[in-house]
Amino acid sequence: MSEIGRGTTALNSFKTSCDLRNATVMYITYVQDDRVVFEKTLADVTEITEEKVVVQLTQEDTLLLNSDMKVEVQIRAGFGGDNGARLISNIFKADVGRILKEGAI
């Protein structure tokens with residue numbers, strides 16, 4: 001994950017070290033300046049394979065990002081019910097690309 005363009009419908013692909021295909025709950029959290037900017041859930045995931053998770057961002061999502069700072073992203077996943085296994089990923093950091101014309105198009 002190198003850069004997320006503001007105002008785009010970015011497709012984020014995360015390489016995972018464990019198979020998340022059987023996850024029953026998942027949060028992909030995007031943070032800037034120590035606050036959650038937006039979050040995606042398992043319902044937003046477009047693809048899960050043995051080695052990756054893919055999520056589609058909307059223009060509205062990416063327009064919430066500040067291009068003056070990196071965005072941090074972390075995946076949390078759970079398996080089974082309340083007593084099931086819970087996992088976290090490393091925190092990914094990415095630049096946020098500038099745009100010249102603000103707003104959704």
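Is Asp95 buried, partly exposed or exposed? Asp95 is partly exposed, with a relative accessible area of 34%. The model discussed here is predicted.

## The salt bridge of Asp95

Asp95 forms a salt bridge with Lys70, and the closest N and O atoms of the two residues are 2.7 Å apart. Asp95 belongs to strand E9 (residues 92-97), whereas Lys70 sits in the loop between H1 and strand E7 (71-78), so the pair ties together parts that are 25 residues apart in sequence. Lys70 is also partly exposed, at a relative accessible area of 45%.

## Other salt bridges

The whole structure holds 7 salt bridges. One of them links Arg21 and Asp19, with 2.5 Å between the closest N and O atoms. Arg21 has 46% relative accessibility and counts as partly exposed. Asp19 is partly exposed as well, with a relative accessible area of 30%.

Another salt bridge pairs Glu47 with Lys52, where the closest N and O atoms are 3.9 Å apart. The cut-off for a salt bridge is 4 Å, so this pair is counted. Glu47 is partly exposed at 34% relative accessibility, and Lys52 is partly exposed at 29%.

## The three-stranded sheet

Strands E2, E6 and E5 make up an open sheet of 3 strands, in the order E2-E6-E5 and with antiparallel pairing. Strand E2 (11-15) and strand E5 (45-48) are the edge strands, each pairing on one side only. On average, neighbouring strands of this sheet are turned by 15 degrees against each other, direction ignored.

E2 and strand E6 (residues 52-56) run antiparallel and are joined by 5 bridges. Within this pairing, Ser13 has Val54 in E6 as its bridge partner. On the E5 side, E5 and E6 pair in the antiparallel sense over 3 bridges, and Glu47 stands opposite Val54. A hairpin through 3 residues connects E5 to E6.

## Val55 in strand E6

Val55 lies in strand E6. What is the relative accessible area of Val55? The value is 0%, and Val55 is buried. The cut-off for buried is under 20%.

The C-alpha atoms of Val55 and Val45 are separated by 4.5 Å, although the two residues are 10 residues apart along the chain. Apart from neighbours within four places in sequence, Val55 is in contact with Ala10, Leu11, Asn12, Phe14, Ile28, Tyr30, Lys40, Asp44, Val45 and Thr46. Two residues of this contact list, Phe14 and Tyr30, return below as members of aromatic pairs.

## Aromatic pairs

A pair of aromatic rings is described by the distance of the centres and the angle of the planes. The count for this structure comes to 2 aromatic pairs. Phe14 and Phe92 form a tilted pair, with 5.2 Å from centre to centre and 40 degrees between the planes. Phe14 lies in strand E2 and Phe92 in strand E9, so the pair ties together parts that are 78 residues apart in sequence. Phe14 counts as buried at 1% relative accessibility, whereas Phe92 counts as partly exposed at 23%.

Why is the pair of Tyr30 and Phe38 stacked? The ring planes are at 20 degrees and the centres are 4.4 Å apart, so the pair is stacked; the cut-off for a stacked pair is under 30 degrees between planes. Tyr30 is buried at 0% relative accessibility, and Phe38 is buried with a relative accessible area of 7%.

## Thr62 in helix H1

Thr62 lies in helix H1 (residues 59-63) and is buried, at a relative accessible area of 0%. The side chain of Thr62 reaches the backbone oxygen of Gln59 at 3.2 Å.

Which residues does Thr62 touch, not counting residues up to four places away in sequence? The residues are Ile4, Gly5, Arg6, Gly7, Thr8, Ala10 and Leu57. Ala10 is touched by Thr62 and is also in contact with Val55.

Conventions. Residues numbered from 1 in each chain as written. Predicted model: local features only at pLDDT ≥ 70, side-chain atom pairs only at ≥ 80, totals over all residues. Heavy atoms only, no water. Pairing = 2+ DSSP bridges. Helix = DSSP H or I, 4+ residues; strand = E, 2+ residues; numbered from the N terminus. Axes fitted to C-alpha atoms, helices over the stretch in contact; angles between N-to-C directions. Buried < 20%, exposed > 50% of the residue type's maximum accessible area, 1.4 Å probe, protein only. Polar contact = N/O pair within 3.5 Å; in protein donor to acceptor, adjacent residues only side chain to side chain. Contact = heavy atoms within 4.5 Å. Salt bridge = Lys/Arg side-chain N within 4 Å of Asp/Glu carboxyl O. Phe/Tyr/Trp six-rings, centres within 6.5 Å; stacked < 30°, edge-to-face > 60°.
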